Amino acid sequence: RISSFYSGKAIGPSWDSGKTWNREHVWPKSLGGFENSGAGADLHHVRPDDVTTNAKRGNLKYGNAKNGGEVRGSTLVSGALGGYSVGSYFEPLDDVKGDVARICLYMYVRWNSDWGATSITQVFQSVDVLLEWCALDPVDTWEMGRNVVVENIQGNRNVFIDYPEYAWLLFG
């Protein structure tokens, strides 16, 4: 079964894109100036997500939208784990916060010259929040394994998974 990137909700097992799940561009297309090819098709930032969460997340910046603790019975997906969406920020579950941060770092470094991203704060509340999330949710074996699979398909790796300390070298 496929699990939603943000809510952890089971959303499979068959291909039904657009009905119960769709492609989530972790760096929102509307904040990056890219289309469905190049940066828009980069597997390092395309993840499956349930349609409801993806629609409600929209193009909100990532940030701290709640005060402590994970939410169950999310504001986004009834009865499932989920993130918070408050005001102009979306906060995913703690166990993917580092993934989100490393994906956005990769997209910013890899693609910004192609689509004109001027700052990581185009998608993050602040650099401090980005680094906080990197520390909160360190690279795990699943993320490392996905990096290998994507490299085998697309021929490159997310360097922030291989060397997470680069986040602090770049922004610390």
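**Stop 1: a tyrosine at the surface**

Select Y163. Y163 is partly exposed, because its relative accessible area is 39% and that class covers values between 20% and 50%. Keep in mind that this is a predicted model.

**Stop 2: its ring partner**

How far apart are the ring centres of Y163 and Y166, centre to centre? They are 5.1 Å apart, with 15 degrees between the planes. The pair is stacked, since planes under 30 degrees apart get that label. Y166 also counts as partly exposed, at 33% relative accessibility.

**Stop 3: the patch**

Is L169 buried or exposed? L169 counts as exposed, because its relative accessibility is 69% and the cut-off is over 50%. L169 lies in helix α7, which covers residues 166-171. Show the surface of your three selected residues. Y163, Y166 and L169 make a nonpolar surface patch of about 330 Å².

**Stop 4: a pair inside**

Clear the selection. Pick F124 and W133. Both F124 and W133 are buried. Look at how their rings meet. The ring centres are 5.3 Å apart and the planes stand at 70 degrees, so this pair is edge-to-face. The label applies because the angle is over 60 degrees. Compare the view with Y163 and Y166, whose pair is stacked.

**Stop 5: the cluster**

Keep F124 and W133. Together, F5, Y6, Y62, F90, F124 and W133 form one aromatic cluster. How many aromatic pairs are there by the ring-centre rule? The count is nine.

**Stop 6: a charge over a ring**

Select R110 and W111. What lies over the face of W111? R110 does, at 3.8 Å from the ring centre. Turn the view until you look down on the ring of W111.

**Stop 7: the whole chain**

Switch to the cartoon view. Count along with the chain: there are seven helices and seven strands. Follow the elements from the N terminus: β-α-β-α-β-β-β-β-β-α-α-α-α-α. Now colour by burial. The chain has 172 residues, and 44% of them count as buried.

Last, show contacts. Take those between residues at least 6 apart in sequence: 66% of them join residues at least 24 apart.

Conventions
Residues numbered from 1 in each chain as written. Predicted model: local features only at pLDDT ≥ 70, side-chain atom pairs only at ≥ 80, totals over all residues. Heavy atoms only, no water. Phe/Tyr/Trp six-rings, centres within 6.5 Å; stacked < 30°, edge-to-face > 60°. Buried < 20%, exposed > 50% of the residue type's maximum accessible area, 1.4 Å probe, protein only. Lys NZ or Arg CZ within 6 Å of the ring centre and 35° of its normal. Patch = residues over 30% accessible without salt bridge, like charges linked within 9 Å, V, L, I, M, F, W, Y side chains within 5 Å. Areas by Shrake-Rupley, 256 points an atom, 1.4 Å probe, with all protein chains shown as cover. Salt bridge = Lys/Arg side-chain N within 4 Å of Asp/Glu carboxyl O. Helix = DSSP H or I, 4+ residues; strand = E, 2+ residues; numbered from the N terminus. Contact = heavy atoms within 4.5 Å.
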